[in-house]
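Welcome! Let us take a friendly walk through one protein model, a few places at a time. Have the sequence and the 3D view ready.

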Amino acid sequence: MIDVRKVLVERQAGHAEGTLLVRECLVWLLLVGVTGQVGCGAASELVFINTSFENACPLHWETDKEGVIHIHLVYDQERGSTNRANGHWFFQLQAVPGARLTVVLHNLENIYNGRKGAPSEKGCLSFVSEDGKVWRPIHLETTQGRGLRFTVTVSTGSLYVARLEPYRLSDLEKMIARIRRSPLVRVTKIGATVQGRDLEMIRVGDAGAPCRVLLRGRAHPWEAGGNWAIQGLIDRLLKGDADAARFLERYCLYVMPMANKDGVVHGRTRFNQLGADLNRKWGQPADAAIAPENAALEGWLTRMIDRGTAPHLVIDLHNDSFGQLHVTRLDIGLQDYLKRMDVFEAMLRKHTWFTEGSVGSGRRVGTIEEGLVERFGIDACVLELHDTWIAGLNDTPSAKHWELFGAQLAEALYRYFAEALQSKKP
Ligand SMILES: [Zn+2]
């Protein structure tokens, strides 16, 4: 019987390294018992899993005796609740060039609204890239143990794997650097995240335009689609052609592009660094100590309302596996709002690739559209971009398709403001 404490004492005493490694392996095998889950020195062509970069997710891994790599994702947890989430993964497999690796992702039993879930039996989509720029989809199968399994060839010695095509803080910073020279753009700091990162409001167009629309992106850090759509919309509005002039004559765009910057940087899934869900608790004033990201937005909205320049429409961009437009159906006399949301949905269907339809809840859940409609009287909706399939394009989602959606949204907004607000003069 090997005494673990003795091994550790021997290590401190600088015992011969080779002997120690063998003994540590034996100890480790004893500790894991006979489950066979972990192989000591199991044959694998995996060299390392790199998570040293921006937006990479926290994880640990082990290789079993068959050479299968088991990656354990680290749950992102909500404060004051049992909710937890793992929906973002982003790491780089480093292996012998040409290695064919089988990987299983674990810890996908998320808890949402107090109820435990598991990955869909249909599995899910993920994306891989050799260079971190050109991505292609792969399918992950659900295992009996509620994990997600895939096999890939690491032809060049390294391969990035990400849940969705990533949009990092550095991508946002590059976009802001590119657009801020335009006389049509103004970038204003409206607050800071829990970790002190600047939260900006980007204005595109003339503040005196008859209509105003506000978009928020990335309340939930795994949902990169919204950032690509925002980039597509801003680039469309700054194209300098006759259509761009037509759009900006009718409306001014405001964007809070990345509400949960800390979560994006740290590769988290849903909550901010203090465990706040930035798409919850909108039924009450934001707690600046816990959710400064929401307090910053609420402060900006309050100032706009005080100046008589409240947005006529707020769109909060997300990703999920349904891809629908969410409106609130609280029983508080929202008939006119619901009529306008019907018009907005019709414009999305007509002018963008959106086909998924709308859904609404009559129950108070504290989401942003509900809070803004009820507390501020501002038309608001949540637009979920489908994370697996874009039916309107008959293709898997990608940065290119989401940017196209953003570009098409420019026309949809133009038509929406023309039709929906005839009865409600801005
Ligand atoms: Zn979301």
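Predicted model: local features only at pLDDT ≥ 70, side-chain atom pairs only at ≥ 80, totals over all residues.

Begin with the open sheet, which is built from nine strands with mixed pairing. Going across, the strands come in the order β1-β6-β13-β10-β11-β12-β7-β3-β2. Which strands form the edges? They are β1, residues 46-50, and β2, residues 59-63, and each of them pairs on one side only. On average, neighbouring strands of this sheet are turned by 30° against each other, direction ignored.

The table shows where each one sits.

| Residue | Loop |
|---|---|
| N55 | between β1 and β2 |
| A118 | between β9 (115-116) and β10 (124-129) |
| R218 | between β16 (211-217) and α4 (225-237) |

Is N55 buried or exposed? A residue counts as buried if 20 or more other C-beta atoms lie within 10 Å of its own. N55 has 23 C-beta neighbours inside 10 Å, so N55 is buried. R218 is buried too, because 29 other C-beta atoms lie within 10 Å.

Phi of N55 is near 75°, a positive value in a residue other than glycine. For R218, also a residue other than glycine, phi is positive and near 65°.

What about A118? A118 has 11 of them, so A118 is exposed. Leaving out residues up to four places away in sequence, A118 touches L108, E109 and R146. R146 is 28 residues from A118 along the chain, and the C-alpha atoms of the two are separated by 6.4 Å.

**Two crossing helices**

Finally, turn to helix α8, residues 335-351, and helix α10, residues 399-420. Their axes come within 9 Å and cross at roughly 145°. The crossing of α8 and α10 is right-handed.

Which residues make the contact? From α8 come R340, V343, F344, M347, L348 and H351. From α10 come Q408, E411, A412, R415, Y416, E419 and A420. Sorted by class, the contact of α8 with α10 holds seven nonpolar, two polar and four charged residues.

Conventions: Residues numbered from 1 in each chain as written. Pairing = 2+ DSSP bridges. Helix = DSSP H or I, 4+ residues; strand = E, 2+ residues; numbered from the N terminus. Axes fitted to C-alpha atoms, helices over the stretch in contact; angles between N-to-C directions. Buried ≥ 20, exposed ≤ 12 C-beta atoms within 10 Å, placed from the backbone. Left-handed = near helix turned anticlockwise from the far one by under 90°. Contact = placed C-beta atoms within 7 Å. Nonpolar A, V, L, I, M, F, W, Y, C, P; charged D, E, K, R; others polar.
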